[in-house]
Amino acid sequence: MPEIKYMERALQLAIESAEAGEVPVGCVIVKDGEIISEGRNMREKRQNALHHAEIEAIDKACKALGDRRLEGCELYVTLEPCPMCAGAIFNARIDTVVFGAFDSNMGACGGVINIFEEAFGFKPKLYGGFMKEECAAVLKDFFIKLR
C-alpha cells in the first residue's frame, strides 16, 4: 500500500519545481523502505523535453543501484506519468507506481489512456489518485500564478 511520507516528499519537490519556474512535478523512488532517488521537472532549466521528474528520478536510481533494472522499487510522482515516462517505468521494471493528480491532457495511466493495461510483458502495480487533492492544488496554484 502507498505511504503518505513518500508522496509528501514528492510534493516538496514539486513545490521546488514551481519555485524554479518549472511545472510542479516531483518524484521519489523507494526501495526497501528508503528513498534512493528524487527528481523534479527540469525541462525549462535544461531546455530539454526529456527532463521530466520521473526520468530524473529513474536516472539517479539506476546510478545509485548500479543497474538499469529497478526491480523491487516503488515510484511516487505527483502527476500521472505521460507516455514517455510510462515507457521509462516499463524499461526500468519498476514494480509499483503511485501517482497523485490525474492528467487529462497527457496521462498514460488512466487520464487519456492506461498504457499499463496493454499487452506488454511487464505490468507494475498502479495506484492512481493517491493524495490527488494535495497534488492537484500545487499544479492549480502554479498555473493561476502563471496567468
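Analyst: Here's a walk through the core, starting with the fold around it. Keep in mind that this is a predicted model. The protein has five helices and five strands, and along the sequence they come in the order α-β-β-α-α-β-α-β-β-α. The C-alpha trace spans about 40 × 30 × 30 Å along its principal axes. For 147 residues, a compact globule would have a radius of gyration near 15 Å, so the 14 Å found here agrees with that.

Now for the inside. Of the 147 residues, 48% count as buried. The largest nonpolar core takes in 42 residues, and Ile29, Ile58, Leu70 and Leu75 have the most contacts inside it. Who supplies it? At least two residues each come from helix 1 (4-19), strand 1 (26-31), helix 3 (53-65), strand 3 (73-79), helix 4 (83-92), strand 4 (96-101) and helix 5 (132-146). Helix 1 gives the largest share, with six residues.

Leaving aside residues up to four places away in sequence, Leu75 touches Cys27, Val28, Ile29, Glu54, Ile58, Ile89, Ile94, Thr96, Val97 and Val98.

Stepping back to the whole chain, look at contacts with a separation of 6 or more: 57% of them join residues 24 or more positions apart.

Key
Residues numbered from 1 in each chain as written. Predicted model: local features only at pLDDT ≥ 70, side-chain atom pairs only at ≥ 80, totals over all residues. Heavy atoms only, no water. Helix = DSSP H or I, 4+ residues; strand = E, 2+ residues; numbered from the N terminus. Rg over C-alpha atoms; globule rule 2.2 N^0.38 Å. Buried < 20%, exposed > 50% of the residue type's maximum accessible area, 1.4 Å probe, protein only. Contact = heavy atoms within 4.5 Å. Core = buried A, V, L, I, M, F, W, Y, C linked by side-chain atoms within 4.5 Å.
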